[in-house]
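Visitor: Please show me the protein and guide me through it by question and answer.

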Amino acid sequence: MADSAPQWLLGRWISDPEDQAALRQYGSASLDFNPNGSLLYSVFTGGRCQQFSLQYRVEGDILFTDQLSQPGEERTSFGLLPNGKLRLTFGGHTSTYVRGD
């Protein structure tokens, strides 16, 4: 059964400028989590912004996402680090994000 998203997750998160490995792997990005279960994922590369509309749900420490234009559920481990950063682990790669709002 899906849990409610924790309050701390809601809002905008942006790529952690200190996470150079994730910036190389994924580029600069922002994640906008809305309380209605919608997520706007924006990737900034080469002076362009590419946006993806997703739906999400939370079960424990797993974030389930489904891209509306290409349906297919993905699972990502997530958590709030002691320093206030969002940690996402997907496909064996961990990335961190900081508050963007």
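Guide: A nonpolar core is a set of buried Ala, Val, Leu, Ile, Met, Phe, Trp, Tyr and Cys residues joined through side-chain atoms within 4.5 Å. This is a predicted model, in which local features need pLDDT of at least 70, side-chain atom pairs count only at pLDDT 80 or more, and totals for chains, interfaces and linings use all residues. Residues are numbered from 1 along each chain as its sequence is written, and side-chain values use heavy atoms, with hydrogens and water left out.

Visitor: Which residues touch the most other members of the largest nonpolar core?

Guide: In soluble globular proteins, nonpolar side chains tend to be buried together. Buried means under 20% relative accessible area, exposed over 50%, and partly exposed in between, with a 1.4 Å probe and protein chains only. The largest nonpolar core here has 14 residues, and those touching the most other members are Leu 9, Phe 33, Tyr 56 and Leu 86.

Visitor: Which strand gives the most to this core?

Guide: Strands (E, at least two residues) and helices (H or I, at least four) are DSSP runs, numbered from the N terminus. Two or more core residues come from each of strand S2 (28-33), strand S4 (48-59) and strand S7 (86-90). With three residues, the element that gives the most is S4.

Visitor: What does Phe 33 contact beyond its neighbours within four places in sequence?

Guide: Contact means heavy atoms within 4.5 Å. Phe 33 is one of the residues that touch the most other core members. Leaving aside those sequence neighbours, Phe 33 is in contact with Ser 38, Leu 39, Leu 63, Gly 11, Trp 13, Leu 10, Leu 9, Tyr 56 and Leu 86.

Visitor: Is Cys 49 buried, partly exposed or exposed?

Guide: Cys 49 lies in strand S4. Not counting residues up to four places away in sequence, Cys 49 touches Ser 42, Val 43 and Phe 44. Because its relative accessible area is 40%, Cys 49 is partly exposed.

Visitor: What is the radius of gyration of the protein?

Guide: The protein has one helix and eight strands, running β-α-β-β-β-β-β-β-β from the N terminus. The radius of gyration is taken over C-alpha atoms, and the globule rule is 2.2 Å times the number of residues to the power 0.38. For 101 residues this rule gives 13 Å, and the protein's value is close to it, so the protein is as compact as a globular protein of that length, with a radius of gyration of 13 Å.

Visitor: What percentage of the residues of the protein count as buried?

Guide: The C-alpha trace spans about 40 × 35 × 30 Å along its principal axes. Of the 101 residues, the share that count as buried is 37%.
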